[in-house]
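Subject: Structure handover and findings

Hello,

Here is the structure I promised to pass on. Please open it beside this email and follow along.

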4 protein chains.
Amino acid sequence: MTHARTRETTSARTSSRATGLWLVGARGSVATTAVLGLAALAGGHAEPTGCVTARPGLAPDPMPDFEDIVVGGHDLSACPLPKRAEALADAGMLPPRLVTLTRDALETADAQVRPGHDPARAEGSGQATAERLAADIVAFRERHSLERVVVIDVASTEPLPEPAPEHDDDALLLAALADPDRAPLPPSSLYAYAAILAGAPYAAFTPSASMALPALARLATEHGVPFAGQDGKTGQTWLRTVVAPALAARHLRVLSWSGTNLLGGGDGATLADPNAVSSKLGSKSRGLQAITGTDSTPLHIDYVPDLGDVKVAWDHVHVEGFLGSRLTLQTTWSAYDSMLAAPLVLDLTRLLALAHAAGLAGPVPELGFFFKDPWGTGVHDAAAQARLLDDWIRETGSRASASGAATGRSHR
Amino acid sequence: MTHARTRETTSARTSSRATGLWLVGARGSVATTAVLGLAALAGGHAEPTGCVTARPGLAPDPMPDFEDIVVGGHDLSACPLPKRAEALADAGMLPPRLVTLTRDALETADAQVRPGHDPARAEGSGQATAERLAADIVAFRERHSLERVVVIDVASTEPLPEPAPEHDDDALLLAALADPDRAPLPPSSLYAYAAILAGAPYAAFTPSASMALPALARLATEHGVPFAGQDGKTGQTWLRTVVAPALAARHLRVLSWSGTNLLGGGDGATLADPNAVSSKLGSKSRGLQAITGTDSTPLHIDYVPDLGDVKVAWDHVHVEGFLGSRLTLQTTWSAYDSMLAAPLVLDLTRLLALAHAAGLAGPVPELGFFFKDPWGTGVHDAAAQARLLDDWIRETGSRASASGAATGRSHR
Amino acid sequence: MTHARTRETTSARTSSRATGLWLVGARGSVATTAVLGLAALAGGHAEPTGCVTARPGLAPDPMPDFEDIVVGGHDLSACPLPKRAEALADAGMLPPRLVTLTRDALETADAQVRPGHDPARAEGSGQATAERLAADIVAFRERHSLERVVVIDVASTEPLPEPAPEHDDDALLLAALADPDRAPLPPSSLYAYAAILAGAPYAAFTPSASMALPALARLATEHGVPFAGQDGKTGQTWLRTVVAPALAARHLRVLSWSGTNLLGGGDGATLADPNAVSSKLGSKSRGLQAITGTDSTPLHIDYVPDLGDVKVAWDHVHVEGFLGSRLTLQTTWSAYDSMLAAPLVLDLTRLLALAHAAGLAGPVPELGFFFKDPWGTGVHDAAAQARLLDDWIRETGSRASASGAATGRSHR
Amino acid sequence: MTHARTRETTSARTSSRATGLWLVGARGSVATTAVLGLAALAGGHAEPTGCVTARPGLAPDPMPDFEDIVVGGHDLSACPLPKRAEALADAGMLPPRLVTLTRDALETADAQVRPGHDPARAEGSGQATAERLAADIVAFRERHSLERVVVIDVASTEPLPEPAPEHDDDALLLAALADPDRAPLPPSSLYAYAAILAGAPYAAFTPSASMALPALARLATEHGVPFAGQDGKTGQTWLRTVVAPALAARHLRVLSWSGTNLLGGGDGATLADPNAVSSKLGSKSRGLQAITGTDSTPLHIDYVPDLGDVKVAWDHVHVEGFLGSRLTLQTTWSAYDSMLAAPLVLDLTRLLALAHAAGLAGPVPELGFFFKDPWGTGVHDAAAQARLLDDWIRETGSRASASGAATGRSHR
Ligand SMILES: NC(=O)c1ccc[n+]([C@@H]2O[C@H](COP(=O)([O-])OP(=O)(O)OC[C@H]3O[C@@H](n4cnc5c(N)ncnc54)[C@H](O)[C@@H]3O)[C@@H](O)[C@H]2O)c1
Ligand SMILES: NC(=O)c1ccc[n+]([C@@H]2O[C@H](COP(=O)([O-])OP(=O)(O)OC[C@H]3O[C@@H](n4cnc5c(N)ncnc54)[C@H](O)[C@@H]3O)[C@@H](O)[C@H]2O)c1
Ligand SMILES: NC(=O)c1ccc[n+]([C@@H]2O[C@H](COP(=O)([O-])OP(=O)(O)OC[C@H]3O[C@@H](n4cnc5c(N)ncnc54)[C@H](O)[C@@H]3O)[C@@H](O)[C@H]2O)c1
Ligand SMILES: NC(=O)c1ccc[n+]([C@@H]2O[C@H](COP(=O)([O-])OP(=O)(O)OC[C@H]3O[C@@H](n4cnc5c(N)ncnc54)[C@H](O)[C@@H]3O)[C@@H](O)[C@H]2O)c1
Ligand code: NA
Ligand code: NA
């Protein structure tokens, strides 16, 4: 996968920073928390704690503010956002006060949710499906006169597809997509393709195939679409990529890194399926193995329904020190998963809008900070990623300001 | 405290890199482990795991190799190094195999240990004491034809002295030192002053006053002595300065960071004294409070004799995330403390030799990586410290090479 | 302290089981949770999870049902129960739904709360104070035609009083109580004396002096008052008395048992005072030391306000096994303290009512199950206590039924 | 499975208490630790810490002393006991000092080890194999003039056999055993059958099929063989059966009990095989589910070779308390597994010798204390088991004394 390159900014940009956030899986737990949170931030009911882009001195002018963001999306679920929010509040996952205060915004957002693509009921060619999904995105952009729409996939984790030649070859892929009797792409990749067709910057917050197929990634780059992924790095994996490089800087040798995750909720139920979980377990271990050089990293995800959306993760790290001595580190992490993910989803919306405003296309490796399996880079070290991200925000901010200025328009 | 400045390298340097390591507290647990470890490394019986300077690509030519290092020191204890090593092996703290293999080296080193300064039996002025201690160091340097001697304080933690005007004013200090009826400096500071008198680079691995008194620090700088401190950052505190900045990079807010340490051994016994422990507790909390901005950081050190030199540390971190949500992180760290400290003592020997070879004088802030309470800098973030250290090693290596070349000599 | 003896049941009993629960500290966190919980149970809004007396097959007929219990009490706080419940709900400590459902009951109970004894503002003799407090209890009993009133102390932990001869000698005590210029008893003991005067069974859920003074205990026995204490065994201490006897049964030797408690809330604030905390630390360690035979049991209670009423307790147990081997057990316990305490307060109400109905007087050692520092017994082993309790319930139930039958009255 | 019944003590007993311990898997980690430990105890080099039968006041006269026990056994491994002990000492699992002190005893024991039954190389009928194994046991008994030999299976865990009619029907079983073309019993059950043929009391310390097949159990009873099993309850499972009943006594409701085990060593390698591990996972969960009533008990055993024979087990218990509140308990247990198992193997030797001396035959449910999956009883509660065991020791001790006295012989 090649790194982001600068897209030709041929078309003039409008003066507004109004930005769409189109959520694939718009009625899920992460999505509901993001939409409610956005409304709470815009309404001044909450602080942007947990939002990386809200750290002081880090919001360059061309990046949209939280109140500039309008939400829509696709889902298969019929449970409207306000109802999902209430259910999450009853389970102790969302503050009841905020559910009340944001009910209107949740209803407004829910009105922008369109039926997603259900592979079990799909009809017609993949091309037709993707065009239908893209049309939903374009209509949303036009309806709200948005400068751009960022598509973020927060739908249920899918099993990975069998490898196929179409995944590597654009021509083969387009041919297969046109054939109503074939289904060369899993749903997540059809959504990614729809984002390409709609010219929308895209992020994969899940470990599903999505834009990770080379043929799709090339198409995105050619269509001037910046994209980032994959699989949000929010809890245990994040902590591992914090601690493992620090052990390496001490020249301490990791012998084994064993872990267990306990999780209920929708994501837990999905991951109880051994097919779905395999993509997740892979993306959780790759970074750790890259940093530590050990492959003794047993890892489990257990579905424990009574925990709801609380994720409890235990790690046991066995380390060799000086003169063959042994040390152990254990960590227990307990958090409401969607509360970690939602602010990062908002960050990605702002940052991909910035990338797009700066004319970038293709994978944006500097957004690797946000992902377990970062595209376009081998850097997993969280501190190194944070530094790269901050530098990138500053540079891209300048470039986007310059390009905005060059085309003679200003923001506000 | 001002940052390291370049010392005038007036005197020509000899061609050898033979370097002395003079340990204050030379028969303690950390010292014994360091001396045994050095012998094991030099003899090819062990890998330099845990030595920061042994990471690939990080040993510039003017830095001494492990086999270039000769050991001596001061202590009050009469228990010889081989016997202390055996006791540590019996307690499961050192590998019996290595004690056997390094017995000769331990005996050789022990023969270089001189009686230290015992405040309970001291006679004569502070100046006289310091001169006696300095003479031991100089004699050691000459006896072994060493290029330079690095003094490292690994003696028992002392209570902090009452503040006094002599600590800030050089003239007052020198006058008080000359007076046999006054004792303006605690032992650790007398050792630091002796290092200055001997022209020896110096590191404080303890939280004792040592070189932290402004008048002494100024004297060191004036005498061309580079120095670094203070209080080795080896375990729980190190982990805290790894994790806390990472939480900040996520814009997550630490509400409280509570901790407990359990420790037996000599250091544990010393720290069971509430006077001695206060300097330690202070240096353990300062960095954390600087990074997180919270002062809700209750911390205990308990003396648990049956644990021996194993330190067990538990931390409970309470964090506010998005929309007022709460997350917790617990860590349990269990390690043989001296096995963490000893390789860093060897690193400091090599790095202060390098600083001296490059003509640096005064505090070396880039060595802050090694310390809980870094002198000359406010940076506590372990990842940032690692970067600063690596840059410094490269730069100082070049400078020392250049200065060696300029005076027409080469290393091997 | 002698064991419970059978009181002469001279006076005839009314046929009703209507029982009063008089809470000292009636507006505190434990009390509020108990009152709300009682209303929720009586109203069928909750299950009696956590109530020991609600286990199947364990409620003998003469024991009052939850709906038979009427609440009143003393407190210094002016914050009414419904408001305190709301505050606890806002802090995530009580389910908002139940606060709404029980508002009427909370208001009713709050109307029965009388101003307590504030030592800072006290006037008159101790005798006069106790009589005033006893009169409140008697009036409550008569107002509601209650069979009996059980007094339970759940007020803030007090510092322990200095030892004094009055504490051991009834005559001296009564004389001192009569003297308006002396204050021989701390508040908790005045409340205990008031219970005696009112003929009310009594339990000390706190580690305060209360009925632990021999002269008072004797008076209680003479007045036919059964009583139990002291200091509710709800969390970490309970767990210790579960695990420690099990290690002993395996003939494993505890070397050290180190612990830390983190706690916010009202109790946390009180215990941040070193005077108040000492009684607590004592009662937490005594049982453990008795069972394990080690006195290496360092223990801390830290006030961590951001935790609210959640108590987090970490224990590190270092154990010697076969052939000098070592094993470690760590436990982390995290719970809302008052949710553990409240059901036990309801249990004690039912069980002391039963004791009284059966004509018992003096300390009831079989209620030691509920307490860190059990009166009238040296048994700390939780499993042994559970067995003793269950046997006692059955026996006392039979005795109370028989005595009820003997006096010609039946319950319903 | 029926409970132990009294065997007809027709034959006269010799006056000696000399007792054989025949270990199936005699050169494994548990066995080596048990043999070394026995020698250390007999030689006065160690205390019987971890031996349940060494608690004060619990060793009735007819129970053999440690020094009365002589060791032999079967194994497939050719690595002699002294060498295995050295390897364990090098890995830090056994004290080097004790290996030196017991070398002679280890050699003596190793000389009594006979080749075991290797199913991969077996020839002839099952009956012939069992007779060959039984002959080894009988020869050992006669060679050393032993009163009796206790057989204990501490061999590698086997996969469970497919259910078959022979397992339930004695006649079918004996017929199949006689047929050289059939293999109705897995190795562990052939060893159990050999014990029956040799008239030797038997214990299954593994979860393998062994005596758990009804037809075999009946044969044992008929042949006057007392037996106990199965699968030693030494660490995590033991802790669970300590804590779970205590939660039940508080009427707290376990929602889920999740666990992970990390283990290297020989047992870890065996359990890395999914077939072998299934019998273990089953026996670890059954007791917990019986006590708590929940089946939400995800459990893993991970093979982590760098941990050696240290077992690290983490448990996360999610509990519902009063009014729907939640509490969590986490435990981390870290121990050298064989050091927990070995003293219990010695206990079982003494106790089964006692059972045999008292004339018992069939399963001994009161030895359920020692097992994850206790035969002949549904009691899993560790405290209840301890009580039953202690009562049984006293009663059986009296009975054995009486029966010894009745036949006119005395012990020493
Ligand atoms: N910390 C985190 O929460 C975190 C971190 C990394 C990745 N993720 C990933 O984020 C995703 C969402 O997690 P969640 O907890 O919100 O899960 P969830 O089950 O609550 O929500 C998933 C949503 O996707 C919808 N969906 C399923 N298939 C769809 C399709 N074909 N088209 C459109 N919508 C579809 C579902 O109806 C549901 O509303 C998961 O894939 C998870 O692995 C979450
Ligand atoms: N991870 C670590 O081990 C670590 C980390 C940071 C700091 N430290 C510090 O390192 C120091 C040494 O720790 P240790 O475990 O080796 O302790 P120790 O008690 O084993 O050794 C201290 C030695 O200092 C000697 N000593 C005491 N007073 C002296 C004096 N006036 N002059 C000369 N020698 C004197 C003692 O005799 C003893 O041999 C302590 O101050 C400790 O706080 C250790
Ligand atoms: N698990 C548990 O919660 C637990 C376990 C054991 C013991 N306890 C003990 O229970 C007691 C109550 O705990 P809490 O969390 O409810 O504390 P809290 O601070 O919330 O409540 C204490 C109440 O006592 C009242 N009070 C103080 N002095 C008084 C006086 N002289 N007369 C009458 N009322 C007075 C206060 O006004 C307050 O309302 C404490 O002593 C605590 O140590 C609690
Ligand atoms: N705490 C504990 O250690 C513990 C607890 C419960 C159960 N167990 C069980 O005890 C057993 C032994 O554990 P270990 O750690 O000693 O394992 P190990 O692998 O060190 O030893 C097993 C021994 O059995 C021998 N063996 C294998 N197959 C055999 C056969 N057919 N006949 C005779 N010998 C055979 C092997 O050669 C080896 O010497 C395992 O089944 C384990 O599950 C151990
Ligand atoms: Na999730
Ligand atoms: Na084992």
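Below are the ground rules, then the findings, grouped by place.

This is a predicted model, in which local features need pLDDT of at least 70 and side-chain atom pairs count only at pLDDT 80 or more, while totals for chains, interfaces and linings use all residues. Residues are numbered from 1 along each chain as its sequence is written, chains are lettered from A and ligands numbered from 1 in the order in which they are written, and side-chain values use heavy atoms, with hydrogens and water left out.

**Cavities**

Start with the empty space. Rolling a probe the size of a water molecule over the atoms shows where empty space is left. A cavity here is a set of points, on a 1 Å grid over the protein atoms alone, where a 1.4 Å probe fits but cannot get out. Grid points are joined across faces, edges and corners, and a volume is the space filled by probe spheres set on the points.

There are 5 cavities of 30 Å³ or more. The largest cavity holds about 100 Å³ of space. Its lining has 14 residues, and the closest to its centre are A:T332, B:Q330, B:T332, C:Q330 and C:T332. Lining residues have an atom within 4 Å of a point. The elements that give two or more residues to this lining are β11 (326–336) of chain A, β11 (326–336) of chain B, β11 (326–336) of chain C and β11 (326–336) of chain D. Helices (H or I, at least four residues) and strands (E, at least two) are DSSP runs, numbered from the N terminus.

What is the lining of the largest cavity made of, by nonpolar, polar and charged residues? It has 3 nonpolar, 11 polar and no charged residues. Ala, Val, Leu, Ile, Met, Phe, Trp, Tyr, Cys and Pro count as nonpolar, Asp, Glu, Lys and Arg as charged, and the others, Gly among them, as polar.

Next, cover. Buried means under 20% relative accessible area, exposed over 50%, and partly exposed in between (1.4 Å probe, protein chains only).

Helix α7 (residues 187–197) of chain A is mostly covered, with 10 of its 11 residues buried. Among them are A:P187, A:L190, A:Y193 and A:I196. A:G199 follows α7(A), and its phi is positive, near 65 degrees.

Now look at chain C. Helix α7 (residues 187–197) there has 10 of its 11 residues buried. The buried residues include C:P187, C:Y191 and C:A195. Just after α7(C), C:G199 has a positive phi of about 65 degrees.

**Around A:T241**

A:T241 sits in helix α9 (residues 236–249) of chain A. Why does A:T241 count as buried? Because its relative accessibility is 2%. Its side chain reaches the backbone oxygen of A:W238 at 2.9 Å. A polar contact is a pair of N or O atoms within 3.5 Å; within protein, one must be able to donate a hydrogen and the other to accept it, and residues adjacent in sequence count only if both atoms are side-chain atoms.

Leaving out residues up to four places away in sequence, A:T241 touches A:K233, A:I291, A:H380, A:D381 and A:A382. Contact means heavy atoms within 4.5 Å.

B:A130 lies in helix α5 (residues 126–143) of chain B. It is buried, at 0% relative accessibility. B:A130 and B:Y193 are 63 residues apart in sequence, yet 6.4 Å apart in space, C-alpha to C-alpha. Not counting residues up to four places away in sequence, B:A130 touches B:L190, B:Y193, B:A194 and B:L197.

C:S285 belongs to helix α11 (residues 274–292) of chain C. At 11% relative accessibility, C:S285 is buried. Beyond its neighbours within four places in sequence, C:S285 is in contact with C:T297 and C:L299.

A cis peptide bond joins A:G229 and A:Q230, with omega about 5 degrees. A:Q230 is in the loop between β7 (226–229) and α9 of chain A. A:D231 is in the loop between β7 and α9 of chain A too. A:D231 is not a glycine, but has a positive phi of about 75 degrees. A:D231 is buried, at 0% relative accessibility.

In chain B, a cis peptide bond joins B:G229 and B:Q230, with omega about 5 degrees.

**Cysteines**

How many disulfides does the structure hold over all chains? The count is 0. A disulfide is a pair of cysteine sulfur atoms within 2.5 Å. A:C79 is partly exposed, at 27% relative accessibility.

Best wishes

Methods:
1 Å grid on protein atoms, 1.4 Å probe; cavity = no way out; pocket = protein on both sides within 12 Å on 5 of 7 lines; lining within 4 Å.
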